[in-house]
Every structure is written in structure tokens, then in C-alpha cells.
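This report describes how selected parts of one protein model are arranged. Please consult the sequence and the structure shown here while reading.

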Amino acid sequence: MLAAFVHAWTLAIVVGSAWLLLKGYLVLKLAGATGLGLAYLLRPRFGRWKADALALPRAGAPQLYALADRIADELGTRRPDRIRVNGGYNASYGRLGVRRRVQLTVGMPLWTALTPQERIALLGHELGHGSNGDVRRGLWLGLALNSLAELHQVLMPHRGDAWRVRSARTRMMDELVTFLLQICALPVRLCWTVLNRLTQLSSQQAEYLADEMAARVGSASAAGAMLDKLSLAEVATARLRQRRAAGGHHGLAKAGDVEEELWTGLREYLDSVPAGERERRRRLSDREMTAVDVSHPPTHLRVRLHAERPQQPAAVTAQSVQWAAIETELEPARRRVAREILGH
């Protein structure tokens, strides 16, 4: 009902502003134009499906898409329309555009750190979001949350450094206007907070269901190991920043050697993280309830759940996948992302 109120209120702004433009006097017409401008900011955002240099075409990566399609079919969810890579130590699932096409994004650092069976579990988790009932990914609630966030952004102006050179009177007026806008933003923030809290439990349950799907296609042990490595995001990010600051060369003559050494070095570095350090991070996660973000359950609980699952054969085994062909397909993207990370 709260989402219905948000959508109804947006529609009311559109209708009321249009009526003022058509029937009102000059001042009312100005108010109507302002209302339409506000309605434009609150418009539904489906996500833009546009050309992406980091996207892998199906024709250029047939084996990778074949693997993703096979996992999607196993889970009974929609096949990805596009797979893209980036330099993040993460992965994501999105539905974009009015046609709600599926985009799967995989961070090359994370992909590099995982074993083949763990990669299958990762793809299973992300594609599982297509059928795990996450209400925040649906049109109705997702658009309502986005509209409230946009309105709050409009009502909370960001003040730059220019105010320092203004007169005291001007600064006072700026402070007054900012205060009034903050007052107006309070009910919007309250509405967003309530809607976010009401859907947070559903979102976390959806993550557990996606974890279950990851275990189904890749095995519980591989899914748990994948989450364990995902918890090393801070370590991996620090390593990549260190390599960027160092210039990434380390005496290597060819650019291709530098880029490849970035990935092999990252994998070896993460594999060398002592078991004691991994356990320390698990305990820290346990104490601080650390998660990927607020929509995810604490990572240590997800890892523990996988450890307690009964072991069963993976629906998709690494031995049945042509990894050499997939690595060849990913090679251009690996080099491009490496250059971006190293700042070349």
C-alpha cells in the first residue's frame, strides 16, 4: 500500500500539473511547469539498455554464454541477454529497460580468484536472482523506492565551496533555504526508510534462496568457498590499489606480461592469505554482522549455512565445461580491465 501511495502521488502530480498548465493563470502555469519538472525527476527508471564497451557479445563468447544458459535452464530462470565484465571484486544481476532484459555483470578480479567450480556457483547465485522472489527487484516496489530516493535527492541540495565567498546575508539565506528543504525531505526520508525496512527481510531471504541455487548447481562446498573468497574483497581491493600505485611494471618488458601478471599475482596473493587471517575475518564478521551491503545477510551466516548443508552432487560440474575456450573468449576483456586497473 505504501508503494501504491507513492505511485498514486506521482500520478497526481502529473495530472494536477497538466491541469494547471491548461486551465490556470500565468502564476499557476508556472506552478504546473514546476510540477511537471518534479514529475520528470520522479519518473519510473527502468535502467538504460545501451551500448557497453565492457559487454561481451554472444557471438564473441559462445562458450561463456552456453555455460550461463545451461545454469539458467537448470534453475528454471531466464537466460542472460548480456554478460559484461568490470574491474570490481563482485558480481551483480540486473533487469534493464522496458523489456526488462537480463544483464549479468562479473568482476574480473573476483572471477580470477575463484576456481572453476566456484565460478559455476557464482553464476548460479546471480542467475538465481531471476526467480528467488526478491520484491525489491520487481517493478512495483523497485520503482517506488527509486522515486522516493530521487525526490529525497532533489530536496537535499549539495552545497559546494562557493558559499564561502558570499556575503553573510547570502549565506544566512542559503542556510535557511537548506533548513526548510531538510524539513520537507523528512517525510520523504521517513517513507523511504519504512518501505526499505519492510522489504529488507524479503531481500535477505531472497539472498539465501540465491545461495541455495548456487549450492544446487555448483555444490554447497563450492558455494561456501565462493562466499569465503568474496569476503576477501577488502584485501583484494587493497592489493589492486597497491599495484596501481606501483605502476604495475615490476621490471616486466611487455604490456601484456604486466596485465597477465596482475591477475596471476592477485590469485596467488589471495591464495596465500593464511587460514588464521581468514578465520579472524570470519570472527570479525560474526561480531560486527558484516555483509556485502544492507540488502544481504551477514556473510558469515551464509558461509555457515553452506557448511551445514547436506552434500549433494553439483548439477553442473567444472569437468563438463570448456574452460580453455572460455578463458580465450575472456582474454581481450581481461587485458582491457587490467589496463583500467593499472591506469595504462
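## Helix 3 and helix 13

Helix 3 and helix 13 are oblique to each other, because angles under 35 degrees count as roughly parallel, over 145 as roughly antiparallel, 65 to 115 as roughly perpendicular and the rest as oblique. Helix 3 (residues 62–75) packs against helix 13 (residues 323–342) at an angle of about 120 degrees, and their axes are 7 Å apart. Axes are lines fitted to C-alpha atoms, for helices over the stretch in contact, and angles run from 0 to 180 degrees between N-to-C directions. Helices (H or I, at least four residues) and strands (E, at least two) are DSSP runs, numbered from the N terminus.

In helix 3, the contact (heavy atoms within 4.5 Å) is made by P62, Q63, L64 and L67, and in helix 13 by W323, A325, I326, E329 and L330. The residues of this contact of helix 3 with helix 13 comprise seven nonpolar, one polar and one charged. In this classification, Ala, Val, Leu, Ile, Met, Phe, Trp, Tyr, Cys and Pro count as nonpolar, Asp, Glu, Lys and Arg as charged, and the others, Gly among them, as polar.

## Basis of the model

The model is predicted: local features need pLDDT of at least 70, side-chain atom pairs count only at pLDDT 80 or more, and totals for chains, interfaces and linings use all residues. Residues are numbered from 1 along each chain as its sequence is written, and side-chain values use heavy atoms, with hydrogens and water left out.

## Helix 5 and helix 8

Helix 5 (residues 116–128) and helix 8 (residues 220–230) pack at an angle of about 85 degrees, with 8 Å between their axes. Helix 5 is therefore roughly perpendicular to helix 8. Q117, E118, A121, L122 and H125 of helix 5 meet A222, A223, A225, M226 and K229 of helix 8. The contact of helix 5 with helix 8 has six nonpolar, two polar and two charged residues.

An open sheet of four strands has the order 1-2-4-3 and mixed pairing. Two strands pair if DSSP finds at least two bridges between them. The edge strands, strand 1 (55–56) and strand 3 (91–96), each pair on one side only. Helix 3 packs on the sheet and touches strand 1 and strand 2; the direction of helix 3 makes about 115 degrees with that of strand 2.

Strand 1 and strand 2 are antiparallel and pair over two bridges, with A55 opposite R84 in strand 2. Strand 3 and strand 4 also run antiparallel, joined by six bridges, and R95 stands opposite V102 in strand 4. These two strands form a hairpin with four residues between them, and G97 in the turn has a positive phi of about 75 degrees.

## Cavities

On a 1 Å grid over the protein atoms alone, a cavity is a set of points where a 1.4 Å probe fits but cannot get out; lining residues have an atom within 4 Å of a point. Grid points are joined across faces, edges and corners, and a volume is the space filled by probe spheres set on the points. The whole structure holds two cavities of 30 Å³ or more.

The largest cavity has a volume of about 60 Å³. Its lining consists of L64, I83, V85, L104, V106, M108, W111, L123 and L330, with nine nonpolar, no polar and no charged residues. The second largest cavity contains about 30 Å³ of space, and its lining has four nonpolar, no polar and three charged residues.

Conventions: On a 1 Å grid over the protein atoms alone, a cavity is a set of points where a 1.4 Å probe fits but cannot get out, and a pocket is an open set with protein on both sides within 12 Å along at least five of seven lines; lining residues have an atom within 4 Å of a point.
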